[in-house]
Amino acid sequence: MSDPAPAAITTPAAAAALVPSSAGPLAWRRAWLGMDRDPAALAFAATPAGAVALHVAFLAALAASSQVSAASIALIALTLVACALWPARRLALVALSGLAYLLLRPFRYEQQRAFVERAQEAAPELAELPHVAVQTPMVLVFLMLCGIALRLHRRFRTRLFGRRPVLGQFVALGLLLALGGVIAPGTAAHALLWTFIAIYSGAFFFLAYALADQRGKDETPTLQRLGFLRPFWGGPSIPFKGLTYLKTFEAKTPEALAATRLKALKLIVWAVMLVAANAILSRLFYETADFPTLNEAVTLTAEGRPLPALAGWGVVFKNFVVTMLTVGAFWHVMVAVIRMAGFCIPRNMARPLTARTLAEFWNRYLFYFKEVLVDFFFYPAFARWFKNHPRLRIACATFCAACVGNVLFSLVAQAHLVAEHGMVGTLLRFESYVFYAVVLAVALVISQLRKRKPRPEDGFLRYDVLPRIGVIGFFALMQIFADETGHLGLAERLDFAASLIGAASFIGV
Amino acid sequence: MGKYIRGLILGMLAERGHAGPVGEHDSLFFSGKLDSLAATEVMMALERDFGIDLADADFDVTQLDTLAQIEALAAAHV
């Protein structure tokens, strides 16, 4: 194919001339994967026609991915169009969209929304009011308090709250939960307080990053920071780090923006392919082969009807594959939306199956979740404790992140459960997750401290095959315990794990 | 000092399979080229060789994302 001059690529028809002349699938694949480095593709993507074509294709893929609701697609589309029209005001537009998103959808999880609505309906003073009439003022109160906290943090950075803002956040949440425990249910105060707690818990680590960002020289206005407590791309309570991080990856030139948008399109198309693969495999597993889900298999074992060991292993690895596809597709969509807005951030999941160590898998599987744990639990522990004992220092910091931080993150995200089950009941719902976090932390400590890492000279089997099988096997088994729903307890899950190796029942059913 | 820090970072990158050149302002940790364990090695080196106190309220780990930032941090404590 003769390379047309980039300046000539100004229409979709001209862009069509960019397709590889050899029509083999490998040539198409190469052209697709390399398009964000291809001068002709970049030149076309930088034109108005190219930008329109990219946005249309992106939004079509977003809809096809089925990862976000129609209302979210509408907000994302509006924000992306606004960012495309006024790229110089991108951050302000994204912040504005984030504020709108927080007002329209104040809760992270459907269960939280349902809980808050039940609490409101149980309060006679509020029962007749539409939900939005209660929730919107609480969002505004939350934003106002966060604004005050950010201003105070900037002003008193040498005081305890200035130095340890996340500790301050945990203390504040603890006091709110304690207050929630003493206010009588069925009152307006109870409903309003738990509405506030649900909003706060969903934005907890976004606020933590906003506070952490203020340690640097970044003088972003407080109002703009508030727009990133609940960014428009949605998702659960895992932030893509803070605004400072996002700015690091902002496209500064039309060429960089074109490349970023092409990367976004590539990633969302990959996400759609993962969704399709997941749908096919799920149909194959659940309908054709009639496999139970992991929770169903655990329940069967708890009822004294365990699966044969081989079928149990099949369920474990099927669950691992489906989880990887589900998690990968969802987070690729989130990252693709952020890239389309003009921020070329790294992926959340990047080839996790290539990991040769547990620590590497952890880094590749959910990069931003790991970053939250590292930023708010690992580094603070590492900076303060066991400075004269390097190995103990790393072990302690790793445990603080992978176990303590991991469990606290899950508890904070579902803080509303305390209203329904009490503190002890909530902790008991997490017993299996706590076990998972402890084992994960110990395994990560060992993985990090092991001097002997797989090396190419170990040969294909010992470098490329066995370490990866070990890593995949470990994380596939750990999925049995990584349960935050409270569906069956640790004993039942240990029982299922024991059934995989033909061991005697753990709980004696 | 600059040569020492660059050697340290390039060694870590090579261990993790990144053999290409690294610019002064290329992101090392945010971009995922280096992981948090590598960050701890850099931090320990900064403590050991330049006397930087990581528990200092003004210390910000985001200051360590590029070679230029690490060198500037070290230079400020020499």
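This is a predicted model: local features need pLDDT of at least 70, side-chain atom pairs count only at pLDDT 80 or more; totals for chains, interfaces and linings use all residues.

Residues are numbered from 1 along each chain as its sequence is written, and chains are lettered from A and ligands numbered from 1 in the order in which they are written.

Back to that pair: the axes of α4(A) and helix α14, residues 254-288 of chain A, come within 9 Å and cross at roughly 25 degrees, the axes being lines fitted to C-alpha atoms, for helices over the stretch in contact, with angles that run from 0 to 180 degrees between N-to-C directions. That angle makes α4(A) roughly parallel to α14(A), since angles under 35 degrees count as roughly parallel, over 145 as roughly antiparallel, 65 to 115 as roughly perpendicular and the rest as oblique. On the α4(A) side the contact includes A:L54, A:F58 and A:L62, and on the α14(A) side it includes A:R261, A:I268 and A:V275; two residues are in contact if their C-beta atoms, placed from the backbone, lie within 7 Å. By class, this contact divides into 13 nonpolar residues, one polar and one charged, where Ala, Val, Leu, Ile, Met, Phe, Trp, Tyr, Cys and Pro count as nonpolar, Asp, Glu, Lys and Arg as charged, and the others, Gly among them, as polar.

What does α4(A) do with α5(A)? The axes of α4, residues 48-65, and α5, residues 70-85, both of chain A, come within 11 Å and cross at roughly 165 degrees. That makes α4(A) roughly antiparallel to α5(A), and the crossing of the two is right-handed. Among the residues that make the contact are A:H55 and A:L59 of α4(A), together with A:I76 and A:L80 of α5(A), and by class the contact has ten nonpolar residues, one polar and no charged ones.

Let me now step back to chain A as a whole, which has 23 helices and zero strands; helices (H or I, at least four residues) and strands (E, at least two) are DSSP runs, numbered from the N terminus. Its C-alpha trace spans about 70 × 55 × 55 Å along the principal axes. With 509 residues, a compact globule would have a radius of gyration near 23 Å, and the 25 Å of chain A agrees with that; the radius is taken over C-alpha atoms, and the globule rule is 2.2 Å times the number of residues to the power 0.38.

The domain assignment gives chain A a domain 1 (98-248) and a domain 2 (286-316 + 341-500), with bounds that come from an automatic or database domain assignment. The C-alpha centres of these two domains of chain A lie 28 Å apart, and 21 residues of domain 1 are in contact with 15 residues of domain 2. Which helix gives the largest share of the domain 1 side? That share, eight residues, comes from α11(A), and the residues of this side of domain 1 divide into 15 nonpolar, four polar and two charged.

Finally, chain B, which has three helices and zero strands. The radius of gyration of chain B is 12 Å, close to the 12 Å that the globule rule gives for 78 residues, so chain B is as compact as a globular protein of that length. Within chain B, the axes of α1 (residues 2-15) and α3 (residues 67-76) come within 10 Å and cross at roughly 135 degrees, which makes α1(B) oblique to α3(B). As for how the chains meet, 15 residues of chain B are in contact with 22 residues of chain A, and the side of chain B that touches chain A has seven nonpolar, six polar and two charged residues.

Technical notes
A crossing is left-handed if the near helix is turned anticlockwise from the far one by less than a right angle, and right-handed if clockwise.
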